[in-house]
Amino acid sequence: MINANLPWIESPFFEEILATKKLTGEQLNFVREYQQNGFVVISGMLSESLVDRTRIDAEEKAFNPDFPIKTQRDERRVQDFWKVSEASKELACHPKILEMLSLFYDREPIPFQTLNFKFGSQQRAHSDTIHFSSLPAKFMCGVWVALEDITEEKGPVFYFPGSHRLPEYDFSHIKTDAKTPSYQDYIEYEDFIEKIVDANKFEKKKFIAKKGDVLIWSSNIIHGGSPVEKEGTTRWSQVTHYFFKDCYYYTPMLSNMVTKELFLRNNLENMLTGEKVTQTYNGDQLNSLPSGKHIFTLLQKRLRAGSILLKMLKGQV
Ligand SMILES: O=C(O)CCC(=O)C(=O)O
Ligand SMILES: [Fe+2]
């Protein structure tokens, strides 16, 4: 069945594909919501003890400067805490979360990064595709878990339902000079996304979550962290980012999207297996091209081969 080389849930042929699936009533509701809005909220999926263990572990280790952690950390946010915390890893690899993601994407999920927050991120609106993208597109999502009740004053996550259907914006839409962008340019991206949100008049939603609530967002939905209204109030939470099997994984932020010189993410680790993630496309391993950055030539070759085959089939060659 044609699915436009996208996750089925993002496919223009969603209804047709849906009709071939046997889903429970509950699954159907989640699938429809995710397809329509670009996110779902799930309550009661996680045990309170796992949620508490993760928060306590974060308090005692991630945000304890005396506890040694090699990954990136500051007083608000710790990256890849799953590497030192069993609870954090258990949460990221929770079978019920994986089951839901497999339903949405029809591929094996690969949890590859956690972010633990003690305080609100106050991050400006963005879509995760600028950091994490895949070929084929959109095989990525985020799962945000509230490790305590989240109120307005704590700086809840915000998001814009339906914004996942926008184009996947990157620097090629923002500036026309072909140089590869850097993180210094990121503020221009954030300004641009704010303008896009205004131009589209999206409704802003805040995730006023109960402890243990789970928010799953699709790769391209615009989201961020609201300002912390009461300084010093905590916002204990964990986000996990997932890719899916059999893709190339890259960072548009550090790629030249005009010339398709892609900055590939070659060092991803699958939390489920502890193994390095292999980049494949339709089962084929990525050829080692110069500097591991350029895959365009490979894709061009494939496209050319594809069009020759098509011509042969049509009897034109
Ligand atoms: O937790 C937040 O406030 C936002 C985090 C976020 O944008 C992300 O992890 O992708
Ligand atoms: Fe994000």
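Author: A polar contact is a pair of N or O atoms within 3.5 Å. The model here is predicted.

Reader: Which side chain of the protein has an N or O atom 3.1 Å from an oxygen atom of ligand 1?

Author: Asp128 has one: its side-chain N or O atom is 3.1 Å from a ligand 1 oxygen. The side chain of His223 also places an N or O atom 3.1 Å from an oxygen of ligand 1. For His241, a polar side-chain atom lies 3.1 Å from a ligand oxygen.

Reader: How much of ligand 1 does the protein bury?

Author: Ligand 1 taken alone exposes 300 Å², and 98% of that is buried by the protein. As for location, ligand 1 sits in the largest pocket.

Reader: Which elements give two or more residues to the shell around ligand 1?

Author: Strand E3 (109-117), strand E10 (222-225) and strand E11 (237-244) do. In total, 14 residues surround the ligand, and the closest are Ser121, His126, Trp144, Arg235 and His241. Sorted by class, the shell has six nonpolar, six polar and two charged residues.

Reader: Turning to rings, how many aromatic pairs are there?

Author: Rings of Phe, Tyr and Trp pair if their centres lie within 6.5 Å, and planes under 30 degrees apart count as stacked. The count comes to 18 aromatic pairs.

Reader: Why is the pair of Tyr105 and Phe244 stacked?

Author: The ring centres of Tyr105 and Phe244 are 4.1 Å apart and the planes are at 20°, so the pair is stacked. Tyr105 belongs to helix H5 (residues 95-105) and Phe244 to strand E11, so this pair ties together parts 139 residues apart in sequence.

How values were computed
Residues numbered from 1 in each chain as written. Chains lettered and ligands numbered in written order. Predicted model: local features only at pLDDT ≥ 70, side-chain atom pairs only at ≥ 80, totals over all residues. Heavy atoms only, no water. Near = heavy atom within 4 Å. Polar contact = N/O pair within 3.5 Å; in protein donor to acceptor, adjacent residues only side chain to side chain. Areas by Shrake-Rupley, 256 points an atom, 1.4 Å probe, with all protein chains shown as cover. 1 Å grid on protein atoms, 1.4 Å probe; cavity = no way out; pocket = protein on both sides within 12 Å on 5 of 7 lines; lining within 4 Å. Sits in = over half its atoms within 2 Å of the grid points. Helix = DSSP H or I, 4+ residues; strand = E, 2+ residues; numbered from the N terminus. Nonpolar A, V, L, I, M, F, W, Y, C, P; charged D, E, K, R; others polar. Phe/Tyr/Trp six-rings, centres within 6.5 Å; stacked < 30°, edge-to-face > 60°.
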